Amino acid sequence: VHIVLYDGDVPVATCCFRPGSDGAPADIRRVAVVGERRGESLGAMIVGEAERQIAALGCRDVVISSQVRAVGFYENLGYSTFGDEYLEDGQPHIR
């Protein structure tokens, strides 16, 4: 599922998620905010919308694959890291 946040006709933030099945957690990925719009809580808004849609599908748990440099953003939303860092698209990530 892809979610896009628009300001008028202009997309300013996006993310996607895969719903969990058979008790597996949902997986939020590819959270992005247009550079000049960062700091406006758009990332928190788009993650919150993903969480609402995930809950509406009956999923209770969420996992996020984050670039290591963005960990603080997700920690501010109540998430915590687990596991080891890994490379995805040439960037260090962590769950």
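Colleague: In which loop of this predicted model is Asp-89 found?
Modeller: The model is a predicted one, and in it Asp-89 has a phi near 50°, a positive value in a residue other than glycine. Most residues other than glycine have a negative phi. The hairpin of S6 and S7 has two residues between the strands, and Asp-89 is where that positive phi is taken; its place is the loop between S6 and S7.

Colleague: Is Asp-89 buried or exposed?
Modeller: A residue counts as exposed when its relative accessible area is over 50%. Asp-89 has a relative accessible area of 58%, and therefore the term that applies to Asp-89 is exposed.

Colleague: Where is Asp-22, another residue with a positive phi?
Modeller: Phi of Asp-22 is near 55°, again a positive value in a residue other than glycine. With a relative accessibility of 83%, Asp-22 counts as exposed, because the cut-off for that term is over 50%.

Colleague: What is the order of the strands in the open sheet of three strands?
Modeller: Strand S7 (residues 91-94) pairs with S5 in the antiparallel sense over two bridges, and strand S6 (residues 86-88) pairs with S7, also in the antiparallel sense, over three bridges. The open sheet, with its antiparallel pairing, therefore has the order S5-S7-S6. The strands that pair on one side only, and so form the edges, are S5 and S6.

Colleague: Which residue of S7 stands opposite Gln-67?
Modeller: Several bridge partners can be named along S7, including Pro-92, which is the partner of Leu-87, and Gln-91, which is the partner of Glu-88. For Gln-67, the residue of S7 that stands opposite is His-93.

Colleague: Is Arg-29 buried or exposed?
Modeller: Arg-29 is found in strand S3, and its relative accessible area is 17%. A residue counts as buried when that value is under 20%, so the term for Arg-29 is buried.

Colleague: Which side chains are joined to that of Arg-29 by a polar contact?
Modeller: Leaving aside its neighbours within four places in sequence, Arg-29 is in contact with Cys-15, Cys-16, Arg-18, Ser-65, Glu-88 and Arg-95. For Ser-65, a polar contact of 2.9 Å joins the two side chains. A further polar contact, of 3.4 Å, joins the side chain of Arg-29 to that of Asp-27.

Colleague: Which element gives the most to the lining of the largest pocket?
Modeller: The largest pocket has a volume of about 550 Å³, and strand S3 (26-33), helix H1 (42-56), strand S5 (66-67) and helix H2 (71-76) each supply at least two residues of its lining. With five residues, the element that gives the most to this lining is S3.

Colleague: How many residues of the lining of the largest pocket are charged?
Modeller: The largest pocket is lined by 19 residues, of which Val-31, Ala-32, Val-33, Ala-70 and Tyr-74 lie nearest its centre. The lining divides into seven nonpolar residues and seven polar ones, and the number of charged residues is five.

Notes: Residues are numbered from 1 along each chain as its sequence is written. This is a predicted model: local features need pLDDT of at least 70, side-chain atom pairs count only at pLDDT 80 or more; totals for chains, interfaces and linings use all residues. Side-chain values use heavy atoms; hydrogens and water are left out. On a 1 Å grid over the protein atoms alone, a cavity is a set of points where a 1.4 Å probe fits but cannot get out, and a pocket is an open set with protein on both sides within 12 Å along at least five of seven lines; lining residues have an atom within 4 Å of a point. Grid points are joined across faces, edges and corners, and a volume is the space filled by probe spheres set on the points. Helices (H or I, at least four residues) and strands (E, at least two) are DSSP runs, numbered from the N terminus. Ala, Val, Leu, Ile, Met, Phe, Trp, Tyr, Cys and Pro count as nonpolar, Asp, Glu, Lys and Arg as charged, and the others, Gly among them, as polar. Buried means under 20% relative accessible area, exposed over 50%, partly exposed in between (1.4 Å probe, protein chains only). A polar contact is a pair of N or O atoms within 3.5 Å; within protein, one must be able to donate a hydrogen and the other to accept it, and residues adjacent in sequence count only if both atoms are side-chain atoms. Contact means heavy atoms within 4.5 Å.
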